[in-house]
Amino acid sequence: MAALRGLLARPLASYYLLLSSAGLLLLIGLTMVFSATSVKDFAEEGDATASLVKQTIFAVIGILAFWACQRLPVRSFRSLSRPVLGAAVALLLLLNLLVALNALFGVESIGPLRAKLLWLYLGPVSVQPVEVAKFALVLWGAHVLARKGAALGWWKELATPLFPVVGLLFVLVGYNDLGSMLCLLALVVGMLWAAGVRLQVFAALSAVGLAGVGLLVAAASLGAGSGSRDADNYRLGRLTVFLDPPDPKTCFSEQIPGCYQLVQARYAVEQGGWFGVGLGKSSFKFGWLPEAHNDFIFAVIAEELGVVGCTVVIVLFAVLAYTGLRIARRVEDPFRRLAAAGVTAWLVGQAVINIGGVTGLLPLTGVPLPFISDGGSALVVTLAAIGMLASFARAEPDAARALHARPPARWVRLVWAPLPPLPGRRRRPATPPADRGSVPRSRRAAVRRPGRGPQLRPGRARSGAASERRR
């Protein structure tokens, strides 16, 4: 423990923990994508490495995005927050418009543009707008909350413009993808928690969130998501199966919605045991487990690598969570603190939702496992968010001083990352928020700058007892 505390006390410990955990998760993801798709790719295309090559290409693009985000200063992230949010909202509106046109009028495409549930296609290029929306909400939400500062103690300042934009994203995302909406909710909760918002706000958000989830579950019977008017409500079926799991024989004979995948995933976990059947030797990936390469890849890990492999993956996500919160606690800039907390809540919350759904601890929602599931847009955006976290880790006060004390070679800084700015010597104290009500003008004017005494009214002398002057 003493050696571990010594390693964690080093200036760049957060940076190296982030790189090691994210890098190992990426390597495990590429390996498991190849294991889950090789047989199917060979049977359909004659090339066992087709999916691996695609995922590797996206991994290389993601590493370039990581490198670019690691080099950006904090002012660049703040200036990009509004354009990225606008692009995400435009992509979500376009996706929902194409999905609605296809469902109502049978229009499959508009020129080169077409949509399929969660994916937007521009010719051969596909993108998931929800992944862009996650990163955009981190940047814009952290920028707004950091700009509000101490005014977050008042409901009026907190409600505008954060809540309307978050509500719009929840509707645009949740109509097609309830699981991604829950990831956005975890992201918002993480940022508000890091901002020090009162517990009453979290209680109100919980009530609104539960009501919204109920409406989205009911909307599945009207065609929301992958449902249709003539089919059963698949979201309600998943929730019912979670609350009252049926017998596997009943599940297979009656084809209960949301039951088949859960039973097959449990069988895969049971077959893996402690040490698994061996890498690449899964039998459930031969068509028995739907979406084995994407949403249910954790079941393939459990079958091939057993409890030991699952523990390694969970420990790496735990290290990532610890590192993200450590960065959020150590940085001085409010934007960095809020953005780090938001990214950590997003990635770890999505991993918890995926693993909980596969193992039956949570209802199925159909979200991918970060770093590991097959998917190009999600991997690129995730690695870009990790690059932003790496930039924040290098900007920790101790890390910045250590890098400036012994700066690396010039070519290393040009190729890898520039030196972060040195931390300021004086920090501006935050004004404590009030209990309730709007922000009075008198209180706004009463906020004093550091280093200046109290402003006295004209004609008022410094009189009175010493205790009164202290008050």
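Analyst: A crossing is left-handed if the near helix is turned anticlockwise from the far one by less than a right angle, and right-handed if clockwise. The model is predicted, so local features need pLDDT of at least 70 and side-chain atom pairs pLDDT 80 or more, while totals for chains, interfaces and linings use all residues. Residues are numbered from 1 along each chain as its sequence is written, and side-chain values use heavy atoms, without hydrogens and water.

User: What is the hand of the crossing of α12 and α13?

Analyst: Helices (H or I, at least four residues) are DSSP runs numbered from the N terminus. The axes of α12 (residues 260-272) and α13 (residues 297-330) come within 7 Å and cross at roughly 15 degrees; axes are lines fitted to C-alpha atoms over the stretch in contact, with angles from 0 to 180 degrees between N-to-C directions. Angles under 35 degrees count as roughly parallel, over 145 as roughly antiparallel, 65 to 115 as roughly perpendicular and the rest as oblique, and α12 and α13 are therefore roughly parallel. The crossing of α12 and α13 is left-handed.

User: Which residues of α13 make the contact with α12?

Analyst: Contact means heavy atoms within 4.5 Å. From α12 come A265, A268, V269, Q271 and G272. The residues of α13 are A299, A302, E303 and G306.

User: Are α2 and α3 roughly parallel or roughly antiparallel?

Analyst: The axes of α2 (residues 13-45) and α3 (residues 50-71) come within 7 Å and cross at roughly 160 degrees. That angle makes α2 and α3 roughly antiparallel.

User: How many charged residues does the contact of α2 with α3 have?

Analyst: Ala, Val, Leu, Ile, Met, Phe, Trp, Tyr, Cys and Pro count as nonpolar, Asp, Glu, Lys and Arg as charged, and the others, Gly among them, as polar. The α2 side includes D41 and E45. Alongside 11 nonpolar and 5 polar residues, the charged ones number 2.

User: What is the volume of the largest cavity?

Analyst: A cavity is a set of points on a 1 Å grid over the protein atoms alone where a 1.4 Å probe fits but cannot get out; lining residues have an atom within 4 Å of a point. Grid points are joined across faces, edges and corners, and a volume is the space filled by probe spheres set on the points. The structure holds 1 cavity of 30 Å³ or more. The largest cavity has a volume of about 50 Å³.

User: Which elements give two or more residues to the lining of the largest cavity?

Analyst: The lining is made by L92, L95, L118, P129, V130, L172, V173, N176 and D177. The elements are α4 (74-105), α5 (129-148) and α7 (162-174).

Conventions
On a 1 Å grid over the protein atoms alone, a cavity is a set of points where a 1.4 Å probe fits but cannot get out, and a pocket is an open set with protein on both sides within 12 Å along at least five of seven lines; lining residues have an atom within 4 Å of a point.
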